[in-house]
Amino acid sequence: AGPWSAWRRRGPAVRPLVAVRASGRIGEGGAAAGGGDEEAESKASSFGSGDASVPTGDGSDGLNEPPVESKSTEPINISNSNYWRDVRANLVRREQELLVDPSVPAESKASSGEAVHQLPQKWAHPITMPEAGCVLVATEVLDDDSVFERTVILLLRLGSRGTFDGPFGVILNRPLYTKIKNVNPSSFQDQTTPFGDCALFFGGPVDMSMFLVRTKDSSRLKGFEEVIPGICFGFRTELEKAGVLMKSGAINTEDLRFFVGHAAWDYEQLLSEIRAGYWAVASCSTELISDAVSTDPSCLWTEILQLMGGHYSELSQKPKQDSS
């Protein structure tokens, strides 16, 4: 699998459901057992020195087992899914416009020439339940959490109740400010290795590193699962396939984003955390996520909250809560 190998986090004892946030092992007192950015950097520095096989988790009865890899040979067709996401976003936008100016009916706006159905390039709005392709935006409740404070997590799969195949995703806005070739330079003596100039990001505290691929033509990315139009994901064990695509010119360095680890939950655990107010759940435009994958995402948390509007916009301007 090459030098980009998985790291293994520390495995404290399993806590009660409400005390475990995104497998970050947060205790009842709110202190994270994960080490935050410092731990992420130390884990990244171990690239190439660990076992290149698929990690087997920490023995927590499947709670933190790595997700089952996609066995599909073709990208999942989600064109209809994208359509209803846009329709829903339009309905939300029109409702918000009516709240601002209830005296002007939607029909009048349409007749006046305003493109009611024309969405802006970047949009985000709250949704009540998580779904594949949505984002989880950390609220002020997590401001004392060194791993998840002010993070934005792209949910790659939702999973289902009663199975160990629970929700998982990657943190989009935790850059490690290093490239793969700087983590283990000796492994890149072979100049044909295609990923050396790709940046590394902290994806979460759970074993099994992952990567996202941005594409304008998902039909060229056979074998990768498409989470929203133009964004596919792969596991560390699928690097060889990504390398072939890169050498063939189907994708470029700037189309890839590599994540050290990922975040994962039991299905009911995630719902419990959302109900407890740890996460705001949002649907976002493809362009917003695509930009986050290809450019600096350091302002993504603020940008999404402001696009969501209302009290979310107010949250984006609040200083971090001081737990001391």
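First, the ground rules. This is a predicted model, where local features need pLDDT of at least 70, side-chain atom pairs count only at pLDDT 80 or more, and totals for chains, interfaces and linings use all residues. Residues are numbered from 1 along each chain as its sequence is written, and side-chain values use heavy atoms, with hydrogens and water left out.

The overall picture. The protein chain has 9 helices and 12 strands. Those are DSSP runs numbered from the N terminus: helices are H or I with at least four residues, strands are E with at least two. Of the 324 residues, 52% are buried. Buried means under 20% relative accessible area, exposed over 50%, partly exposed in between, with a 1.4 Å probe and protein chains only.

Two strands pair if DSSP finds at least two bridges between them. Strand 1 joins strand 12 through 3 bridges. In that pair, Ala124 stands opposite Cys284.

On to helix 6, residues 267-275. Here 7 of the 9 residues are buried. Among them are Tyr267, Leu270, Leu271 and Ile274. The cover includes strand 2 (135-138), strand 3 (152-157) and strand 12 (279-284). Just after the helix, Gly277 takes a positive phi of about 90°.

Last, charges. Side chains of opposite charge can pair when their charged atoms come close. The count here is 9 salt bridges, each a side-chain nitrogen of Lys or Arg within 4 Å of a carboxyl oxygen of Asp or Glu.

Take Glu303 and Lys122, at 3.4 Å, N to O. Glu303 sits in helix 8 (residues 300-308) and Lys122 in the loop between helix 3 (106-111) and strand 1, so the pair ties together parts 181 residues apart in sequence. Asp291 joins these two in a network of salt bridges.

Next, Glu225 and Arg157. Their closest N and O atoms are 3.0 Å apart. Glu225 is in strand 8 (residues 225-228) and Arg157 in strand 3, 68 residues apart. Buried or exposed? Glu225 is buried, and so is Arg157.

One more pair: Lys241 and Glu238, at 3.2 Å between the closest N and O atoms. Lys241 counts as partly exposed at 36% relative accessibility, whereas Glu238 is buried at 5%.

Notes:
Contact means heavy atoms within 4.5 Å.
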